[in-house]
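Thanks, everyone. Today I will go through the pockets in one structure and then the ligand.

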Amino acid sequence: MFAVYADSFSSDDPLSALRLGERPDPEVPDGWTTVTVKAASLNHHDLWSLRGVGLKEAALPMILGCDAAGHDEDGREVVVHAVVSDPAWSGDETFDPKRSLLSERHQGTFADRVAVPRRNLVPKPASLSFEEAACLPTAWLTAYRMLFTRGGLKPGDSVLVQGAGGGVATALITLARAGGLRVLATSRDEAKRQRALEIGAHEVFESGERLPGKVDAVMETVGRATWSHSIRSLRPGGTLVISGTTSGPHLDDAELSRIFFLQISVVGSTMGTRDELASLVSLLDATGTRPLVDRTLPMEQAADGFAAMAGGDVFGKIVFTR
Ligand SMILES: NC(=O)c1ccc[n+]([C@@H]2O[C@H](COP(=O)([O-])OP(=O)(O)OC[C@H]3O[C@@H](n4cnc5c(N)ncnc54)[C@H](OP(=O)(O)O)[C@@H]3O)[C@@H](O)[C@H]2O)c1
């Protein structure tokens, strides 16, 4: 079958490790099933994989991609939950120490077919296109859990989203607005700031710009470049939720004094559960809220999508179709 995969790593030039071509059909263990992929979306995770972050050399060649929507073996339209937990695990899958994401230990979604545990399938409502549904399992699910589970935010609260252009960030802005929050966003780029307003931000700011007032919570995926500003933007007792460190995990100043003196909570968040994915799908079905798709490309042109993401030239999700 056709697939987009990694057969080596390169930390400096991740695109040089990208391969497109034939790979064997998926193996289907007991309790697993296959999904015929109609659409799959790109995440920064896929670039990290080409750099050798989160993927072991022994697992190569590895088909990339965490997210997919398509048809199950009975022809039903489904969304794939990307978190694979141990069969013996019960409860919140994101707390399973043995969990992995598709494309880490098991072959990923950028292919004609992907094998997944049966319990990882979530029905796709007819109101969502395959392209929209394919945006949900990683970036959108992460944003949902950051805001409503780990962040505990309620209608009327205020939230700052750092780095407005990213896949997770655009999901955070859109979902926060749909959830009745006051939404502030930063971006380094004026055009992205304008687009952030169009998708639901109430106010936008340059990266690092002082806000007119303090917020209840900050959503972080940028890391080093925005950390200080995030801590300084919080009200006393506020919450910083972090799920990524695109600009690097090592801080110049962790702002420890502010964290204890202002009694700030720093909360980690990773992906989401299958039930949270089902709730997210229901939320979109009920509200008409839709993922922002930056561009849709045939999977054969996946390299163009990877290049755009590596260059930061993205606003919303990049989707590959079959
Ligand atoms: N823990 C999890 O479960 C989980 C799930 C999904 C993603 N993640 C992580 O979250 C991060 C974002 O993922 P994504 O797929 O949304 O990636 P992405 O689409 O590439 O977004 C990255 C965004 O970060 C901002 N940014 C990058 N470098 C910056 C810098 N030096 N200064 C200020 N802003 C900067 C940019 O915003 P502007 O250009 O607008 O400034 C950019 O649009 C990644 O690190 C990813 O690994 C984690």
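Before the pockets, the term itself: on a 1 Å grid over the protein atoms alone, a pocket is an open set of points with protein on both sides within 12 Å along at least five of seven lines, and a residue counts as lining if one of its atoms is within 4 Å of a point. Keep in mind that this is a predicted model.

By class, the lining of the second largest pocket has nine nonpolar, three polar and five charged residues.

Now the largest pocket. Its volume is about 1,300 Å³. There are 49 lining residues here, with His-44, Trp-48, Thr-221, Gly-244 and Thr-246 nearest the centre. Five elements each supply at least two residues of the lining: α1, β8 (100-101), α3, α4 and α9 (302-310). Of the elements, α1 gives the most, five residues. The lining of the largest pocket splits into 17 nonpolar, 24 polar and eight charged residues.

Next, the ligand. Where does the ligand sit? In the largest pocket. The elements that give two or more residues to the shell around the ligand are α1 (44-51), α3 (136-150) and α4 (167-178).

The shell around the ligand has 25 residues, and the closest are His-44, Trp-48, Ser-187, Lys-192 and Met-271. His-44 and Trp-48 were also named among the residues nearest the centre of the largest pocket. Sorted by class, the shell has seven nonpolar, 16 polar and two charged residues.

For Gly-165, a polar backbone atom is 2.9 Å from a ligand oxygen. For Ala-164, a backbone N or O atom lies 3.3 Å from an oxygen atom of the ligand. As for cover, the ligand on its own has 920 Å² of accessible area, and the protein covers 87% of that.

Terms used
Residues are numbered from 1 along each chain as its sequence is written. This is a predicted model: local features need pLDDT of at least 70, side-chain atom pairs count only at pLDDT 80 or more; totals for chains, interfaces and linings use all residues. Side-chain values use heavy atoms; hydrogens and water are left out. A residue is near a molecule or strand if one of its heavy atoms lies within 4 Å of it. A polar contact is a pair of N or O atoms within 3.5 Å; within protein, one must be able to donate a hydrogen and the other to accept it, and residues adjacent in sequence count only if both atoms are side-chain atoms. Accessible areas come from the Shrake-Rupley method with a 1.4 Å probe; for residues, only the protein chains shown count as cover. On a 1 Å grid over the protein atoms alone, a cavity is a set of points where a 1.4 Å probe fits but cannot get out, and a pocket is an open set with protein on both sides within 12 Å along at least five of seven lines; lining residues have an atom within 4 Å of a point. A molecule sits in a cavity or pocket if more than half of its atoms lie within 2 Å of its grid points. Helices (H or I, at least four residues) and strands (E, at least two) are DSSP runs, numbered from the N terminus. Ala, Val, Leu, Ile, Met, Phe, Trp, Tyr, Cys and Pro count as nonpolar, Asp, Glu, Lys and Arg as charged, and the others, Gly among them, as polar. Grid points are joined across faces, edges and corners, and a volume is the space filled by probe spheres set on the points.
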